[in-house]
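Hi everyone, thanks for having me. Let me put the structure on the screen, and then we'll walk through it together.

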Amino acid sequence: MEEAVFFKCGDIRLSGLMHRGNRDRAAVITHPHPLYGGDMHNFVVETVSRACWSAGYSTLRFNFRGTGQSQGEYSGGVEEQDDVAAAVSYLTETGCSQIDLAGYSFGAWVCALGAHKYGKINRMVLVSPPVAFVDFKGIASLPSLAAVVTGSDDEFAPPDIIRAMIPAWNPGARFHVIDGADHFYFGYDRELEKIIKEALR
């Protein structure tokens, strides 16, 4: 079960859904682009959440600023990094000592952009980082990156481009390509859930 929660990020309040599983292990889950309808209720975000629950994690999925009941305004991925940092802090304050990040699409970009701001992150999982849609060139080392997932038919996160970038991010990260899946993973949620669950073990 998830419960509605609110937490502060500077002068604004963000809305989220918290699942309390393992007290020590938790994951912050970020959603796709808010200007294109992305929010914490997205199908892929929900799939990632289920994978985390199956692995015994507590989870916090939340709406970026300006989305749903979250206050503030969209800032092009800049202040959204502060939103992720606030979510991590909120989990820390609830007693979680081991925190992972799992971002999908725009959310994956934000997680990667602000990786240095989030303190000690245990593992990071990126689902369909949109390398053909936004600029990932300034992102270098991601020491906590454990896995990257995309679909073979994902036009926003093409496997060939991601494969070329992973050595700079983290050469030890696992790369999974789901054959037949596009950016939205309809019909491939079970395969995605299995990959995420294994990445968190």
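Here's a question to start with: among contacts in the protein between residues at least 6 apart in sequence, what percentage join residues at least 24 apart? The answer is 66%, where a contact means heavy atoms within 4.5 Å.

A quick word on where this comes from. This is a predicted model, in which local features need pLDDT of at least 70 and side-chain atom pairs count only at pLDDT 80 or more, while totals for chains, interfaces and linings use all residues. Residues are numbered from 1 along each chain as its sequence is written, and side-chain values use heavy atoms, with hydrogens and water left out.

Now the overall picture. The protein has five helices and eight strands; these are DSSP runs numbered from the N terminus, with helices being H or I of at least four residues and strands being E of at least two. Starting at the N terminus, the order is β-β-β-α-β-α-β-α-β-β-α-β-α. The C-alpha atoms fill a box of roughly 40 × 35 × 30 Å along the principal axes. A compact globule of 201 residues would have a radius of gyration near 17 Å, and the protein agrees with that at 15 Å. That radius is taken over C-alpha atoms, and the globule rule is 2.2 Å times the number of residues to the power 0.38.

How much of the protein is buried? Buried residues make up 55% of the 201. Buried means under 20% relative accessible area, exposed means over 50%, and partly exposed lies in between, using a 1.4 Å probe and protein chains only.

Let's zoom in on helix H4, residues 159-169. Its buried residues are Pro159, Ile162, Met165, Ile166 and Trp169. They sit on the same side of H4 because they cover an arc of only 125 degrees around the axis, the arc being that of the directions from the helix axis to the C-beta atoms. What do the buried residues of H4 pack against? They pack against strands E6 (124-127), E7 (145-151) and E8 (174-178). On the face turned away from that buried side, you'll find the exposed residues Asp160, Ala164 and Pro167.

Last stop: arginine 50, in helix H1 (residues 43-54). Arginine 50 counts as partly exposed, at 28% relative accessibility. Leaving aside residues up to four places away in sequence, arginine 50 touches Asp189 and Glu193.
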